[in-house]
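My notes follow in the order I looked things up.

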Amino acid sequence: MTSPLRIALIGAGVMGRQHLQHLRQLPDAQLCAIADPGPQAAEFAAQCCVAHFTEHRQMLAAANPEAVIVANPNALHVSTALDCIAAGVPVLLEKPVGVQLDEVRELVTASERSGVPVLVGHHRRHNPLIARARQLIAQGALGRLTTVTALWQVHKPDSYYDIAWRREAGAGMLLTNLIHDLDLLRHLCGEVRQVQAVTSNGVRGFANEDSAAVLLQFENGALGSLTGSDAAVAPWSWELTAGENPVYPRQADQPCYLLAGTRGALSIPQLKRWHYAEAGAGWHEPLQQVQERFEAGEALRRQLLHFIEVARGQTQPLVSAADAGRTLALVGAIGQAAQSGQACIPETL
């Protein structure tokens with residue numbers, strides 16, 4: 001019988017503790033140590049009955065974990081993951097994979113050369129409804145994809161910005177929130193050839209954007225739009241529609257993504273599909289509606305189960321560092337397009 005995988009946690013903040021809630025429920029894994037320099041971390045580690053370290057390199061040497069979850073600040077993601085790779089320890093690295101593409105390239109090279117896997121925490125890809133949507137697209141249920149409409153419109157309370165770094169450049173919607181939506185659009189619709197964008201900080205006046213409008217041209221020819229704002233009172237966002245996190249009151253009847261092609265259309269997260277009864281029919285004919293089915297499951301839990309298999313060498317990461325790097329490159333291209341007023345092509349890794 002296989003012993004539980006000994007997993008250490010680097011970063012015991014909000015996201016790290018979410019991972020731990022699911023980890024505690026898995027018989028195939030157990031927490032073995034926590035590394036976090038914060039003032040509350042030692043007490044939290046004591047509550048978890050594991051050793052506490054203020055420095056992760058010391059933890060890697062002393063606790064000898066078999067795998068690590070990295071959920072520390074964004075700017076430390078790559079350097080921490082590189083330390084784990086050097087120690088031969090597989091990594092579940094929270095998104096974003098990094099802040100700069102050059103450092104992500106270094107991470108990709110280190111992982112490939114060492115054979116130590118890195119799974120990046122774009123956890124929404126593990127949601128069964130996304131898996132079903134991707135299957136439908138691959139099977140041709142929508143025909144040739146033509147248009148994609150994505151919405152992320154929420155209202156963050158003023159108290160959210162009491163934390164100073166959230167008001168600073170680089171901490172806005174694009175890297176914090178819309179990166180999730182862009183990753184799902186890549187996962188569902190394919191790579192993006194070029195982007196155009198307009199951003200604004202007109203509501204709050206902070207150093208980062210509070211609204212954005214993005215045009216996407218996919219390599220398969222489909223055209224898309226992503227409209228986002230964290231200063232809008234609206235029900236259209238993954239958080240409010242998907243029911244993935246119970247802290248957000250659910251708007252179950254509202255979509256956040258609308259995908260349309262030459263044979264049909266699909267709303268997400270409802271997974272309602274529209275099509276004509278007969279091939280060749282047009283807008284004078286009634287559309288048929290199908291409610292697609294899937295088996296529900298918690299994305300973070302499924303991601304952890306996947307990570308256990310990755311760490312044990314049983315499968316490849318669903319989201320590798322290189323894959324996540326392409327999402328980061330897309331975010332960077334959007335920022336450049338908004339600043340320059342010109343269409344931009346995402347960098348390659």
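I started with the second largest pocket, which holds about 650 Å³ of space. I worked on a 1 Å grid over the protein atoms alone: a pocket is an open set of points with protein on both sides within 12 Å along at least five of seven lines, where a 1.4 Å probe that fits but cannot get out marks a cavity instead, and lining residues have an atom within 4 Å of a point. Grid points are joined across faces, edges and corners, and the volume is the space filled by probe spheres set on the points.

This is a predicted model, so I kept local features to pLDDT of at least 70 and side-chain atom pairs to pLDDT 80 or more, while totals for chains, interfaces and linings use all residues. Residues are numbered from 1 along each chain as its sequence is written, and side-chain values use heavy atoms, with hydrogens and water left out.

I found 26 residues lining the second largest pocket; Leu-174, Val-331, Gly-332, Gly-335 and Gln-336 lie nearest its centre. Helix H7 (173-189), strand E8 (192-200) and H10 each supply at least two lining residues. H10 gives the most, with 9 residues. Helices (H or I, at least four residues) and strands (E, at least two) are DSSP runs, numbered from the N terminus. By class, the lining has 13 nonpolar, 11 polar and 2 charged residues. Ala, Val, Leu, Ile, Met, Phe, Trp, Tyr, Cys and Pro count as nonpolar, Asp, Glu, Lys and Arg as charged, and the others, Gly among them, as polar.

**Helix pair.** I followed H10 (residues 321-340) to H5 (residues 101-114): they pack at about 170 degrees, with their axes 9 Å apart. Axes are lines fitted to C-alpha atoms, for helices over the stretch in contact, and angles run from 0 to 180 degrees between N-to-C directions. H5 and H10 are therefore roughly antiparallel (angles over 145 degrees). Leu-101, Val-104, Leu-107 and Val-108 of H5 meet Ala-321, Ala-322, Gly-325, Leu-328 and Ala-329 of H10; contact means heavy atoms within 4.5 Å.

**Mixed sheet.** Which order do the 8 strands of the open sheet take? I read E8-E9-E10-E7-E11-E12-E13-E14, with mixed pairing. Two strands pair if DSSP finds at least two bridges between them. E8 and E14 (287-291) are the edge strands, each pairing on one side only. Strands E7 (residues 145-153) and E11 (residues 257-261) pair antiparallel over 5 bridges. Leu-145 has Gly-261 of E11 as its bridge partner. H10 packs on this sheet too, touching E8 and E9, at about 55 degrees to the direction of E8.

**Parallel sheet.** I traced 6 strands in a second open sheet, E3-E2-E1-E4-E5-E6, with parallel pairing. E3 and E6 (118-121) stand at its edges with a single partner strand each, so one side of each has no neighbour in the sheet. The twist averages 25 degrees from one strand to the next. E5 and E6 are joined by 4 bridges; Leu-93 has Val-120 as its partner in E6.

**Backbone.** Most residues other than glycine have a negative phi, and most peptide bonds are trans. I noted a cis bond from Lys-95 to Pro-96, omega near -5 degrees. Pro-96 is in the loop between E5 (91-94) and H5. Ile-268 and Pro-269 are also joined by a cis peptide bond, with omega about 15 degrees. Cys-49 has a positive phi, near 60 degrees.

Note on methods: Parallel < 35°, antiparallel > 145°, perpendicular 65-115°, else oblique.
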